[in-house]
Amino acid sequence: MVKAKKYLIPLILWRNVLYNSKIFVILHPVWNKYQKRKQKLKIAMSKICQITGKKAQIGCNVSHSKHRTKRSFDVNLFSKKFYYVEESCWISLKVSAAGLRLINKVGLDAALKQAVSKGFCDWKDIKVIGE
């Protein structure tokens with residue numbers, strides 16, 4: 001991909017050159033701010049259960065006078081270490097209380113396979129602590 005030089009192309013044609021030649025560098029300052037905000041929103045994945053896929057919900061605080069203000073209902077998350085017998089190593093997972101109950105019910109291996117098949121976590125996301 002060849003990058004076009006900004007000072008060689010008039011400003012009116014610059015946007016068309018970007019779209020037509022598939023150069024995805026946006027030089028307008030407002031667009032740059034939008035792109036940065038969009039990237040920051042994608043990165044945040046901290047409050048999600050890796051087994052059940054539960055994440056924070058958004059709702060309202062309702063006062064006595066019915067005045068509503070936004071709030072978030074967070075998940076009951078724990079950072080737990082498990083011994084993964086099939087791989088004979090310790091792994092660390094971010095698990096909700098419901099995820100712990102699921103692991104106790106069906107087992108760690110079955111719960112992990114189920115979470116990966118549903119797309120809640122990936123095998124790369126599972127942190128191996130020690131062997």
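Surface patches here comprise residues with over 30% relative accessible area and no salt bridge, with nonpolar side chains joined within 5 Å. In this predicted model, Tyr 83, Val 85, Trp 90 and Ile 129 form one such nonpolar patch. Together these residues have about 420 Å² of accessible area. Ile 129 lies in strand 5, residues 127-130. Its relative accessibility is 44%, so Ile 129 counts as partly exposed.

Strand 3 (residues 77-84) pairs with strand 4 (residues 89-96). The pairing is antiparallel and runs over eight bridges. Phe 78 has Val 95 in strand 4 as its bridge partner. Four residues sit between the two strands of this hairpin. Ser 88 takes a positive phi there, near 50°.

Three salt bridges are present in the structure. One joins Lys 47 and Asp 74, with the closest N and O atoms 3.4 Å apart. This pair links distant parts of the chain, 27 residues apart. Lys 47 is in the loop between helix 2 (29-43) and strand 1 (57-62). Asp 74 is in the loop between strand 2 (68-73) and strand 3. Lys 47 is partly exposed, with a relative accessible area of 46%. Asp 74 is partly exposed, with a value of 46%.

Asp 109 and Lys 113 form another salt bridge, at 3.2 Å from N to O. Both belong to helix 4 (residues 108-118); they are four residues apart and therefore separated by about one helical turn. Asp 109 counts as buried because its relative accessibility is 17%, under the 20% cut-off.

Lys 124 and Asp 122 also meet in a salt bridge, at 3.8 Å from N to O. Lys 124 is exposed at 72% relative accessibility, whereas Asp 122 is partly exposed at 30%.

Conventions:
Residues are numbered from 1 along each chain as its sequence is written. This is a predicted model: local features need pLDDT of at least 70, side-chain atom pairs count only at pLDDT 80 or more; totals for chains, interfaces and linings use all residues. Side-chain values use heavy atoms; hydrogens and water are left out. Patches are made of residues with over 30% relative accessible area and no salt bridge: like charges are joined within 9 Å, nonpolar side chains (Val, Leu, Ile, Met, Phe, Trp, Tyr) within 5 Å. Accessible areas come from the Shrake-Rupley method with a 1.4 Å probe; for residues, only the protein chains shown count as cover. A salt bridge is a side-chain nitrogen of Lys or Arg within 4 Å of a carboxyl oxygen of Asp or Glu. Buried means under 20% relative accessible area, exposed over 50%, partly exposed in between (1.4 Å probe, protein chains only). Two strands pair if DSSP finds at least two bridges between them.
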